[in-house]
Amino acid sequence: MREKLESYRAYLFLIPGLFFLFLFTYLPIIWSTWLSFNEWNLLSPKPVFSGLENFVKLWQHDVFWLVMKNSFFFVTVSIFPTMFLALVFAILIDERMKGRVYYIYSLFYPTLIPMAAAAMLWVYIYSPNLGILNIFLAKLGLPKLGWLGSSQTSLWALIIMTFWKNLGFFTLIYLAGLQNVNRELYEAAYIDGAGWWRRHFSITFPLVGPTSLFVLVVAIILTFRVFDQIHLMTEGGPGNSSNVIVYYIFENGFKFFDWGRASTLTTILVLILLSLTLIIFGIFGKRITYTAD
Amino acid sequence: MATVSFHYVTKRFGNFVAVKDFDLGIGDKEFVVLVGPSGCGKSTSLRMLAGLEKITEGTIEIDGRVVNNVHPKDRDIAMVFQNYALYPHMTVYKNMAFGLQLRRFPKSEVDKRVHDAAEILEISELLKRKPRELSGGQRQRVAVGRAIVRKPSVFLFDEPLSNLDAKLRVQMRGEILKLHHRLQSTIIYVTHDQIEAMTMGSKIVIMNAGEIMQVGEPIKVYDSPDNMFVAGFIGSPAMNFLEVKLISKDRALWVDGGEFCLPIPDSKGQKYAQHKGKTCYFGIRPEHMYDREFIKDYDPRNVIKARVDLIEPVGSFVILQIVVGKATIVAQVDSHTRAVLGEEMDLVADMEKMHLFSTDPPHLSLSIS
Amino acid sequence: MKRKIFWVGALMVLFLFSSTASAKVKLKFFYPVGVAGPLVKVINGMVEKFESENPDIDVEPVYAGNYNQTMQKVQTAVLGGNPPDVAVVEISELFSLLQMDALIPLDSYVEREGGKGFLADFYPGFLGNAYGRDGKIYGFPFQRSTPILYWNRDMFRAAGDKLKAAGLDPSRPPDNWDELVEYSKILTIREGNQTKQYGLIIPGGWNDWIFEAFSRQNGSQLLKEDGLTVTFNSPENLEALKLWVKLMQELQTCPVLRPWNITPDDFIGGVTAMMYYSTGGMAKIRKTAKFDWGAAFQPKRKQYGTPVGGGDFHIFKGIPKENQDAAWTFAKFMTRPDMAAHWSIESGYVAVNKKSYDLPEMKAFLEKFPQMTVARDQLKYAYPKMMAVNYQLIRNAMTTNLDAALEGTKPPEQALEDAHKLMEEAIKGS
Ligand SMILES: Nc1ncnc2c1ncn2[C@@H]1O[C@H](COP(=O)(O)OP(=O)(O)O)[C@@H](O)[C@H]1O
Ligand SMILES: [Mg+2]
């Protein structure tokens, strides 16, 4: 009897949280999913049910496929180097390597400054003639690159900048993950004769598995959601070469005022993220070794 | 196979001195126990030997070779950690084989050694499991197994039993001793538990605050502690200390504690004669005080009158807390004692087993100064 | 404790009353900065002056980013039912705002100020984008510009012998497209595989605007005034685009798609001898360029020609009448002769009010910086900028295809055709 009362009370406490979760998370998702099946834009200012028309139109639209390609490219190219280096830096910081304060500052500074400031900074770094990057390339005798101004390099430029911005964040998560690894394991392996790489390859990497899974999922979601730097640095250009899904959603919704299409894209993004997350947990979820005894 | 010697080894962490002038020789096949209260520098000493900590001053030799700058893997040692340090993601087999594989042992040799060790430790049927599927005792065995597959000349154990329950601890104690007998290698074993030290060590090293207090066979250390710290640390319940004055009366030396006055036997008197008139600490172990009613032959001068403050029956004997003047002392008496709480009783001290310590730090035994 | 609560309560009541009692009109003012330079400060200074002259009106200036971002903010605010009171947006956006039914017509205000006589003070070129298809006036010109050609006299001088050898005059900028090509060839300096100095920069970002100028110079346009008839694929436009591709791909005297905002820095930094840029960037160049520079009409083909550019004031629907009135007071203030002159001097934009140029301080300033008169004088050849509903979609179609052609990933013909088709699609139904 008493227990029952307790659990009622638990639900009671959850109500406000669930209410806001519903209001600000589930409701918009449901609403935008519904809108995906409607024509709603500047020329048709009331939503009109149009079935799958939005999806079909997108399917036939070159820019949509380019944007999809860019998004997946962005994610696949940036995630693994980010994860790997974040882990290596976390290990180095954790091991109290020399000059660590310097590394910590240069890693976390980008994470801490606002994206707008970072974007402005990088616009200058990428400046074709006066930016340090091209000056540096020129010093090395290499040809200068167009960076943000060229469709060959604009996406790469954003990937590099995003890598720089996010590395510290993931390092921090890994640093927390490393605290769960028993130090004695390293000493045991050290005595066993394992060198630095071997120690981390055989012990750290498997043992931060749960952290890596978390980082992977978070990184995929974060990277699929890149927006600010694109908005501020390239506006998706030149010629949509750096346009990715969230920016494309924004463009459709707030520049072209085609809310139906924006909602359709949102639905597609949600589906992509949902299925990627499920696949990842399906593949790795059971195989991960947890450090806890 | 291997001797180990520490030559005035000091370890500092910043300004903090964790180990000071640690000087110790360990013979081949010896089972040496480092014992002392928590934080006294036992692990640090062991870890310096293992190569996990840099040596600030002094040298450590293994088999006559200075190893200060030798990589741990080349020191021919193996270490068993307090928390076992088993690799959680590897099977028992893999845990034990890991060190051998790193040393590029042939597969068949690895397999043989792992299976042999598993057999010795009776964990053959666990080889496919992961550490989290094992009990505490089983993990302990795997940790030991991981050390013995390497066949090192020196084994290092850092409080290997402290995470086990009391019963298992006693059992494992015996097994480690058997293992030592069987492997015939040098073992250095760290513990804060003096009973473990007494029961296991062929030689024990008592440490306090980074320094060695005494080195010797367990019984020697028990019988003649060099100083008050060792006297108090070794033995359970701990030795009683009472402030007394050495006086001479009736052609003998006496310890005069005000409430009591006990004669020092002639056999010991000569040693202490030079200290006549001094104030010092009189030490007597609880097990060397008897309930007068249960002994036949005793010197009536050795009787202390005291009031019973607490009675703790343990089964095989009874532990009494008794008040003598301002001091409370502990006596371990016959289990059939008729002591009554709050009442006076007579205790007889076995003065042949008494000790005297200087009042000046480090409270050296008066029998050696 | 109770006492404390009482006092807090009393203070709150007082506070509420005092704020309603003073009843100041509060205006929310969104504005963009569309060129490089510290213009936020200038706007804030002007707003302060306005407030000191109009103590019953509070203006909260909101810097809303570049033109695109400002339009997005305005539209979002309007859709959210919380429009700004007054905003400056890029002139081509007017039809989209009207489609959203976001604006009030300003005719009654203009009438009250003297109607046609009042409007006569303003350059007609800048009023061309102010009217809706219903003939009513919805915009009031403010930060107005045209693209002009900036040139580095020192670089021209340095290349004097070579220019003369080619029959060109180093003391003046190119006056037509052919000359533009010739000058740019000679003014480009290469060292190995690196270009040390470009002859010319036609920046990216707003290249649709500059392309519209080239189209006008060749006697064509991108979209007819009705906002419905697309002429993007005209032969004249193709010739213009081919000229650009030649400069960027074949001759490489002009870098491809140099970002809009850093192009003035390239000019100031001596990276290029000439650039096409908005007159709105002139203040920055005037203040930071360490060399002798000039401004000129954009070179002609069949004729001189340019669209105007920049942003107009708009007053919004769905706000109290007194706010709309105050907004008009504000817009009028910002464009009266002395303020328009001040804005022009500080930014480089053309003063929209003709009377500004009669003021002694303006005259003195122009004496010192005659470059500042170029954009004003070019107004003789200026046309209204293209306007259409769904302008952002149209602009996106134009820029992505121009970009592709300039990068060499699409033949110019196809780029124009593709953009043309997309534009027609976007306009369809409006
Ligand atoms: N890495 C370290 N840094 C600073 N102080 C340490 C470090 N390791 C041990 N100490 C200190 O040295 C002293 C001895 O530690 P330790 O050898 O671990 O004691 P124990 O005898 O309990 O094994 C303790 O006071 C401990 O706090
Ligand atoms: Mg320890």
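**Notebook: two contacts looked up**

I started with the charged pairs and found that chain A and chain B share 2 salt bridges, a salt bridge being a side-chain nitrogen of Lys or Arg within 4 Å of a carboxyl oxygen of Asp or Glu. I looked at one of them: the side chains of Arg150(B) and Asp192(A) meet at 3.2 Å, N to O.

A note to myself on the source: this is a predicted model, where local features need pLDDT of at least 70 and side-chain atom pairs count only at pLDDT 80 or more, while totals for chains, interfaces and linings use all residues. Residues are numbered from 1 along each chain as its sequence is written, chains are lettered from A in the order in which they are written, and side-chain values use heavy atoms, with hydrogens and water left out.

**Chain A against chain B**

I see 19 residues of chain A in contact with 27 residues of chain B (contact means heavy atoms within 4.5 Å). The two chains bury about 2000 Å² between them, 63% of it on carbon and sulfur atoms; buried area is the accessible area (1.4 Å probe) that two parts lose on being put together, summed over both. Of the area that chain A buries here, Glu184(A), Ile191(A) and Asp192(A) supply 34%, more than any other three residues.

I also noted 8 residue pairs in polar contact between these chains, both residues at pLDDT 80 or more. A polar contact is a pair of N or O atoms within 3.5 Å; within protein, one must be able to donate a hydrogen and the other to accept it, and residues adjacent in sequence count only if both atoms are side-chain atoms.

On chain A's side, α8 (183–192) and α9 (196–207) are the elements that give two or more residues. α8(A) gives the most, with 8 residues. Helices are DSSP runs (H or I, at least four residues), numbered from the N terminus.

**Inside chain C**

Next I turned to chain C, which is divided into domain 1 (26–145 + 309–383) and domain 2 (147–307 + 390–428); the bounds come from an automatic or database domain assignment. Their centres, taken over C-alpha atoms, are 27 Å apart. I find 31 residues from domain 1 and 35 residues from domain 2 in the contact. The area buried between these domains is about 2800 Å², with carbon and sulfur atoms giving 57%.

I counted 1 salt bridge between the domains of chain C, and 14 residue pairs in polar contact, both at pLDDT 80 or more.
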